[in-house]
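My plan was to look up one thing at a time and jot down what turned up.

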Amino acid sequence: MTVSPTADVLIVGAGASGATAAKHLAAAGFSVVVLDQGGWTSQSDLPGDKPEFELLWGNHQWHPDPNMRSRAEDYPTNLDDSEQPVYMYNGMGGSTVFFAGVWSRPMPSDFRVRTLDGVADDWPISYEDLLPHYEATDYDMGVSGLAGNPAYPPGGAPPLPAHPIHLTGRKMAEGLNRLGWHWWPGYSAIPSRAHGRQAQCERLGVCRTGCVIGAKGSADVTLLPEALRHGARLETGARVARITLDENGLANGAVYFQDGQEKFQPAKVVLIGANGIGTPRLLLMSESARFPNGLANSSDLVGRRLMLHPFGSVVGLYEDDLEDWMGPAGTQIECMEFYETDASRGFVRGSKWHVMGTGGPLEMATRWQIGEGVSEEPFWGEQFTAKMKQAVGHSIDWIVHAEDLPEEHNRVTLDHDLRDADGLPGAKISYTTSENTHRILDFGLNRALEAHEAAGATKAWITFRNFSSGHNLGTAKMGDDPETSVVNRWGRTHDVPNLYVIDGSVFTTSTATNPTSTICALARRTAEYLVENRREQEVSTA
Amino acid sequence: MSITNVTIQPAAAPALTPRERERLALLADRLIAGGAGLPSASGAEVHTQWIDRAMAVRADLDGAVRAVLALEGDPAEVVERLQAEDPALFGSFAMAVAGAYLINPRIRRELGYPGPAPMKNAALPDEAESYLEDGILDVVVARGPIYRPTPAS
């Protein structure tokens, strides 16, 4: 077996969390090795500047579902017991390659849901603990936004000015003002001015199919080049099979496959950043005599509490041409009016909304066909051109993200009948949307219909009521108690003192916000902890 | 030469035969009959040109398109029966036809969608402020904070 020199830190996964940690640890002088099962994605290969971009997004090569893509670097997921598909992208930059760049912070109450609302668990850390890391990673990812949002405590301004809210945001803002509801210009990890390695956004509106001009805060554009500049070693096509332990129970590296060869990367400290599906899969694959139930799984919570964070959407049509394709696609305005718990609504916690660009004409054709109340209307034949003329350019799309509280039966386990290209087991997903999450979504979608009416929509309908967001969270819970959590407040596993989890799997609760900002903040916080405690950190010497 | 009269060569999959294209024109026009200032599917050259472009990037739709083209009978009845009895096959065929129709730059222009592909359109220096300069955010700010602060431990 090929063995490389020992790294100070081995990071598994080059997505948002792994790239964040790699940049900061390499910059602090650590020798860093990052292993990722995928490769680099060339901007010239991405669909977004091609006439067929909408068709390409749905094809097998670029589909957000790894089962549909079925690339060599993808591992299979068994969805037989899951209400939802599972979306992810495996490669340098991870799912940030395809995310919309929505950059959303949780509220302070998100970290205290047990104390304030009597549900789930408090996080062991607070909003204030994470605030400096949010502000630092805002710079890392080229975040644009407007300071002074009354939905949040005071803090530093985003590093770049807000994007225009455009005609869609303006139209909806006028409606929300009529209702007296909160709104604010959206925050995006997309620079409104050139920023570091990132180009200024050109507003193509294709963020979700990958940014073709290198503007969006994809980790492969923003963070990994910095990690390389500081000396990190990034290995592509390197699929980790298991984390290994020495005789003292300390992590001492990882066995991985690359080009069909089994290799070993020794390390003093191991960080896992494979997110809510890949991280529990790897921990469960790393079972041993010491950890027969899976590595770092003495709590039996590895893989449990999966939160797929479903969303809903409501599209409205307007007389005015609103140029609804205009980017950045992620968010023109956001609304936090229904974020906090109001017991009179019949559920706990709430939802975060944002207006997104609807997309191209084929997306609009799809919206006509899947909408509640409109899918039964005639669409083809004589109706097609009239309905498309009515809708293309004239729509506003509300996205409603519900908080998805953790439930232990929602989980990731191994499927030994499904195998990836290296013969490793697939991930079996068991997920049912909870009654509380359904109620949050139903309430939010009905209010969003009212918002469209207030904004003057001629027609509005629900296009998604409960659909996977690609936010895969919660499967290695953060907490103070080793019996009821997998990692501590610094992301260190309770069972293995030099093994850390730094991705969305540590989320104690999902929050109702888009998670990448928090994932990056948590990863940076762990990296800073490692730097500050380097002399006290237990490491394997085997 | 304008973008609208470039002849596109398919990148993959055997081309449809002339007979298949004739059949496609009839069936596709049942899906997109035209109107509201826009042509029918055949009027937009779906069957002669744009179907090749669509199927070149969506090989997964190739089988569905050919299967539907092989169905015999009156085009209106074929489409109606397909939609009622095999929604999945109908959906794949409709995706191919609509996808081909909607990548025709002439159709995009008529729909008001700019350019043959997403167009660069960087914001002007004061554009963001222009949407807010009449104080539209003032009422939001005036209502004050809406978050619950971290409780004292």
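Entry one, the two chains. I started with where they meet, keeping in mind that this is a predicted model. I found 46 residues of chain B in contact with 61 residues of chain A. Then I checked which helices of chain B supply at least two residues each to the side that touches chain A: they are helix 1 (18-31), helix 2 (46-57), helix 5 (87-102), helix 6 (105-111), helix 7 (127-130) and helix 8 (138-142). Helix 5 of chain B gives the most, with 4 residues. I also sorted this side of chain B by class and got 30 nonpolar, 7 polar and 9 charged residues.

Which residues touch the most other members of the largest nonpolar core? That core has 207 residues, and my list reads Val9(A), Ala22(A), Val32(A), Val270(A), Ala96(B), Val97(B) and Tyr101(B). Helix 5 of chain B turned up again, as it gives the most to this core, with 10 residues.

I traced 6 strands in an open sheet, ordered 5-11-12-13-10-16, with antiparallel pairing. The edges are strand 5 (184-185) and strand 16 (459-467) of chain A, each pairing on one side only. Strand 16 of chain A pairs with strand 10 (residues 311-317) of chain A over 6 bridges, in the antiparallel sense. Along that pair I noted Phe311(A) opposite Phe467(A).

Why is helix 10 (residues 361-370) of chain A largely enclosed by the rest of the structure? I counted, and 7 of its 10 residues are buried, so that settles it. The buried ones are Pro361(A), Leu362(A), Glu363(A), Met364(A), Ala365(A), Arg367(A) and Trp368(A).

An unreviewed UniProt entry places "domain: Glucose-methanol-choline oxidoreductase N-terminal" at residues 10-310 of chain A. In the model, the end C-alpha atoms of residues 10-310 of chain A lie 32 Å apart, and the span is 25% helix and 15% strand. The UniProt annotation "domain: Glucose-methanol-choline oxidoreductase C-terminal", also from an unreviewed entry, covers residues 406-523 of chain A. For residues 406-523 of chain A I wrote down 21 Å between the end C-alpha atoms, with 25% helix and 24% strand.

Technical notes:
Residues are numbered from 1 along each chain as its sequence is written. Chains are lettered from A and ligands numbered from 1 in the order in which they are written. This is a predicted model: local features need pLDDT of at least 70, side-chain atom pairs count only at pLDDT 80 or more; totals for chains, interfaces and linings use all residues. Two residues are in contact if their C-beta atoms, placed from the backbone, lie within 7 Å. Ala, Val, Leu, Ile, Met, Phe, Trp, Tyr, Cys and Pro count as nonpolar, Asp, Glu, Lys and Arg as charged, and the others, Gly among them, as polar. Two strands pair if DSSP finds at least two bridges between them. A nonpolar core is a set of buried Ala, Val, Leu, Ile, Met, Phe, Trp, Tyr and Cys residues joined through C-beta atoms within 7 Å. A residue is buried if 20 or more other C-beta atoms lie within 10 Å of its own, exposed if 12 or fewer, and partly exposed in between; C-beta atoms are placed from the backbone. UniProt positions are given in the numbering used here, feature names are shortened, and annotations may be inferred rather than shown by experiment.
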